[in-house]
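Hello,

Here is the structure I said I would pass on. My notes on it follow below.

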Amino acid sequence: MPATVLVGAQWGDEGKGKITDLISSDFDYVVRYQGGNNAGHTVIADGKKLALHLIPSGIMYDHITPVIANGTVIDPKVLLDEIDMLEREGFSTERLKISGNAHIIMPYHRDLDGASEHRLGKNEIGTTLRGIGPCYQDKAARIGLRIQDMLDEDIFREKVEAALVEKNPILSKIYKLPEYTVEQICDEYFAYAKRIKPYIEETGRFLNEALNNKKNILFEGAQGTLLDIDHGTYPFVTSSSCSAGGSVIGSGVGIKHINRVLGIAKAYITRVGAGPFPTEISLDDEASKILTEVGGEYGVTTGRKRRTGWYDAVIVKYAAEVNGLTDLAITKLDVLSEFDTIKVCTAYKCGDRTYNTVPEHQSIFHHAEPVYTELPGWKSDITGCRSFYDLPREAKDYIDFIEDLAGVKVSIIAVGPDREQTILRRW
C-alpha cells in the first residue's frame, strides 16, 4: 500500500486519531496535509490519553516519521507546546518533519478570527477562533508568511511590516483592537524559529523520495468531508480541502501513489459549530443526552458540547463519492448499546421531493427532513468483542445495513476507546 488517505466521512470528530493510531504500524510515514490547530485527535496509548492538534498521531510509533506538510497552517506556539507535551510524556519528537512552505498563523489572524465571529453574531460560522481562516485568506491573497520566512530575519521583518500596513488599520479602525509593531512580532517569532529550525524539511521532495524507496505513507486528514471548503456545507465549513483530494495538493505527492482511501464515520453523527444538520436530536431529548455523555461528545480543541444526531447514510454515501472511498471504519458502535431501537437516515424530504444524496443548493439542505429506518438495538455490552462474529446479531445487522447504503465495505469497527477495542473485519 504505497499511500493511503484517511479522511472523515461526516462533520469531523469521527475518531480519526484512534484509527490512525491503530493502523499506523503498517506505515513508515504519517502525514498531516491540511488544517491547523482547529482540529483535535485524541489518542489513548500506554494508558495515556493525549490530545494532538498539529502533530500526526503516528508520533506514538518509534518506526514512523511524522510529517506536517505544506497544506497545513501552523501556530508556532501551539506546535512547540505540543512538542513539549509529548516529550514530557515520553514520546520522542526528533523524527518530526515540518514543511518550510506551510503558512504561519500570526497574532493578528487570531484577533481577526474572533472579531469577525463576534461581528456576525447569530450568523456566526462557529470557528474555533484559532486564526485558521484568516491565515488561509492571506495565503490565497499571497500576503501570508511561511515557516521558511522565519529562517531569514530580514525577509521575515520585511513581510511582517508589509502585512501590518494592511492589518493594523483593520484591527484598530474597524474592530477597535490594539495594533501590533514589527518588533513585537519579530521578537516572539524569532524565538520560535530557533526551536523549529531543526524540524524543517522540504517535505514534498522528502515524501516522493520515500515512495521511490518503496516506503508506505498514511495521509491523516483533519475535520471531515462535510467541512471541506469546496464540498462541504458552505459557508459552515473549514478553510481547507479536507477531502481526499487535498492530500496530494497539501503534500506534493502525486495522485498516482494513492491506492486506498479509508473513510471514518461514527455509528451516529455529531457536529460542532453552526450549520445544517438534518438528523440532529434536540438537546433535551434523552437520546441526545445518552450520545453526549456516553460518547463523551465534547470538542478536543474547544471543549464545546457537540451537536448529536442519528447516523446519516446520505452524508456517508456522499463522502464515499467525493473521496473515492475504498473502505469505511465505523467508530463508537458501543455507544449505541444503550438504545432499544436505532434510527438511520436513508433519504431527505424537502417539500414534495425526496433526495437520496446531499442537495447542492444550501436552502434545500437547510430545510431537509430525514427519512428514517428504525433498526432493533442490541442492549448488551460489546466492548469486549474482538471479531465481527462476536457481535450480537442486531449489531452485525446494523453494520451490514449501513455498509449496503454506503456502497463501501466496512473494514474496521471500533467498540471502545482503547486501541485493542477494535475489530479488524476486512483490513
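Ser243 sits in the loop that runs between β10 and α8 (246-249). The model is predicted, and what follows is computed from it. Ser243 counts as buried because its relative accessibility is 6%, and the cut-off for buried is under 20%. Its side chain makes a polar contact of 2.9 Å with the side chain of Asp228. Leaving aside residues up to four places away in sequence, Ser243 touches Val7, Tyr33, Asp228, His231, Val322 and Asn323.

Next, the strands. β10 (residues 217-220) runs parallel to β2, and four bridges join β10 to β2. In this pairing Val31 stands opposite Phe219 of β10. β2 also pairs with β5 (residues 65-68), again in the parallel sense and over four bridges. Here Arg32 is the residue opposite Ile68 of β5.

In a regular strand, side chains alternate between the two faces of the sheet. For β2 (residues 29-32), Tyr29 and Val31 lie on one side and Val30 and Arg32 on the other. These four residues are all buried, so both faces of β2 are covered.

Last, a residue in another loop. Asp62 is found between β4 (48-52) and β5. Is Asp62 buried or exposed? Asp62 is exposed, because its relative accessible area is 68% and the cut-off for exposed is over 50%. The C-alpha atom of Asp62 is separated by 8.5 Å from that of Phe91, and the two residues are 29 residues apart along the chain.

Regards

Technical notes. Residues numbered from 1 in each chain as written. Predicted model: local features only at pLDDT ≥ 70, side-chain atom pairs only at ≥ 80, totals over all residues. Heavy atoms only, no water. Buried < 20%, exposed > 50% of the residue type's maximum accessible area, 1.4 Å probe, protein only. Helix = DSSP H or I, 4+ residues; strand = E, 2+ residues; numbered from the N terminus. Pairing = 2+ DSSP bridges. Polar contact = N/O pair within 3.5 Å; in protein donor to acceptor, adjacent residues only side chain to side chain. Contact = heavy atoms within 4.5 Å.
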